[in-house]
Amino acid sequence: MTALLVAAAIIATGGANVPDPAGPGWASPGLVGGGGWPFAGAPLTPDEAAGASYLPNSSVVRLADGHVRLIPSGGEAPITVEMSDPRVGQAIRSDSAWLAQGVVPTGGAAPAAATGPALGQHGDYRDMAARALLDLRLLTRPNGASLASWYTKWRYCWPRDSAFAVAAFTATGHPSEARRVLRFLARAQHGNGMWAARYNPDGTAVTDGRAPQLDSVGWVLWATWFYRAQTQSSSDDLPDLWPMVQRGANHLARSLDAEGLPPASSDYWERDHRREEDPRRPTLGVVAPVLAGLRSAADLARARGENGQAAEWRRAAQRVSDAVARQFAPYGYPRSPIRGGLMDTSVTFLAPPFAQVDEGVTAAIADAQRKQALPNGGVLPGERWSGTPDVAWTPETALFGLNAATSGRATEAIGRLDWLAAHRTTLGVLPEKVGPTGKQAGPAPLGWTASLVLLTLSALEKPLPIPPSG
């Protein structure tokens with residue numbers, strides 16, 4: 001009975017960031033797609049992928065025998081055709097034209113990494129970035145639901161992951177896709193300002209007993225602010241988003257306790273907060289996004305001339321900031337605010353591009369990286385990770401790279417990007433996890449990793465905006 005209860009608890013808290021054994025549910029090195037609206041994708045099996053590759057700047061795949069696999073415009077199922085089939089050229093032109101509407105970031109003239117030359121100087125980063133952008137588009141449904149991946153338990157929209165897709169589309173000059181995702185989030189939001197933990201591709205909430213996750217509110221507010229700051233759009237550009245911001249920010253501000261902390265909640269680990277080192281208080285994975293979200297909402301209100309709400313949300317943000325200084329800083333910014341608390345990647349949420357540089361936080365990030373490092377060059381989600389101990393997670397590795405790129409540590413960022421580029425699937429797609437031998441150990445593509453890589457490369461070319469702290 002105990003074993004059954006434990007298994008049920010693991011299933012109930014599963015998600016895009018929970019360890020999952022290898023299996024046919026995700027055993028694909030990437031998606032086949034094609035040009036035209038609506039954009040559809042389908043997995044390519046490992047057997048079919050042997051010797052296959054994407055045709056440049058497209059989601060069209062050339063198979064080992066020379067035939068081409070694609071999804072024709074307006075279709076949903078892949079077909080296999082000769083290279084001379086006119087639908088091949090049509091799909092490639094459509095994908096290439098979409099990429100050309102924005103920018104495919106390469107990291108610019110980034111310095112050489114400690115382990116070798118910067119891949120970006122030789123064009124390899126462009127290939128990774130173009131693939132990440134095309135995959136992110138395939139994962140974003142016509143209704144704006146941005147899926148974590150294409151497979152089984154990953155084929156859901158997490159508001160948290162969607163927020164980063166908004167930022168990535170924005171930074172690469174694809175604002176229409178960013179707006180589509182934001183409008184989906186605005187429609188899905190509950191009247192109390194919260195979101196469900198995840199959504200089906202059709203926009204309906206997943207009803208599996210999983211509680212709403214408070215960090216997602218902060219991330220969506222940050223993404224909305226990022227869109228406006230990066231595009232320099234007017235405050236009335238997206239009138240349907242302002243009520244969303246109001247509901248979300250008000251919920252966060254009113255949720256704070258006497259200490260200035262939000263309530264305990266699941267965060268990007270997708271784990272029940274009662275399993276944390278301090279189950280009574282929120283993790284840094286909740287507190288830091290709440291802080292970024294309140295600061296972002298306050299600046300959005302200022303830009304609209306809503307001075308009363310701007311002041312209210314700034315005060316709430318300051319209360320959270322003061323609580324972080326009292327509760328987390330004395331212990332080195334661990335995941336839970338206790339002496340000797342374990343470190344995790346959420347310490348990067350208190351640093352650029354989500355907050356201004358702080359020397360104490362920078363030191364804590366270095367400490368976390370050291371404690372989470374794996375022999376294969378990637379990182380675990382956290383110190384003494386309870387999941388598979390020798391499997392690296394690409395989102396966490398990319399978060400450390402993003403922080404380095406936005407904090408002026410370009411060489412460190414290039415090192416992370418080198419590792420990510422070297423550990424793509426056989427099709428060149430960014431997977432969720434990498435095993436001890438360097439092979440794919442999770443679904444590919446993973447939308448969150450694709451977004452983070454695009455933001456990191458963009459940050460190396462041009463500084464990303466950071467929510468004002470005052």
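Here are my notes on the rings, point by point.

1. Before we start: this is a predicted model, where local features need pLDDT of at least 70, side-chain atom pairs count only at pLDDT 80 or more, and totals for chains, interfaces and linings use all residues. Residues are numbered from 1 along each chain as its sequence is written, and side-chain values use heavy atoms, with hydrogens and water left out.

2. Rings of Phe, Tyr and Trp (its six-membered ring) pair if their centres lie within 6.5 Å; planes under 30 degrees apart are stacked, over 60 edge-to-face, and the rest tilted. That rule gives 20 aromatic pairs. Take Trp98 and Phe169, an edge-to-face pair with centres 6.4 Å apart and 85° between the planes. Trp98 belongs to helix H3 (residues 86–101) and Phe169 to helix H5 (residues 159–171), so this pair links parts of the chain 71 residues apart. Helices here are DSSP runs (H or I, at least four residues), numbered from the N terminus. Both Trp98 and Phe169 are buried (under 20% relative accessible area, 1.4 Å probe, protein chains only).

3. Now find Phe184 and Tyr199, another edge-to-face pair: 6.1 Å centre to centre, 85° between planes. Phe184 is in helix H6, while Tyr199 is in the loop between H6 and helix H7. Phe184 has a relative accessible area of 3%, and Tyr199 has 2%.

4. Check Arg335 too: its charged end sits over the ring of Trp269, 3.7 Å from the centre (CZ of Arg within 6 Å of the ring centre and within 35 degrees of the ring normal; for Lys, NZ is used).

Methods:
Helix = DSSP H or I, 4+ residues; strand = E, 2+ residues; numbered from the N terminus. Buried < 20%, exposed > 50% of the residue type's maximum accessible area, 1.4 Å probe, protein only.
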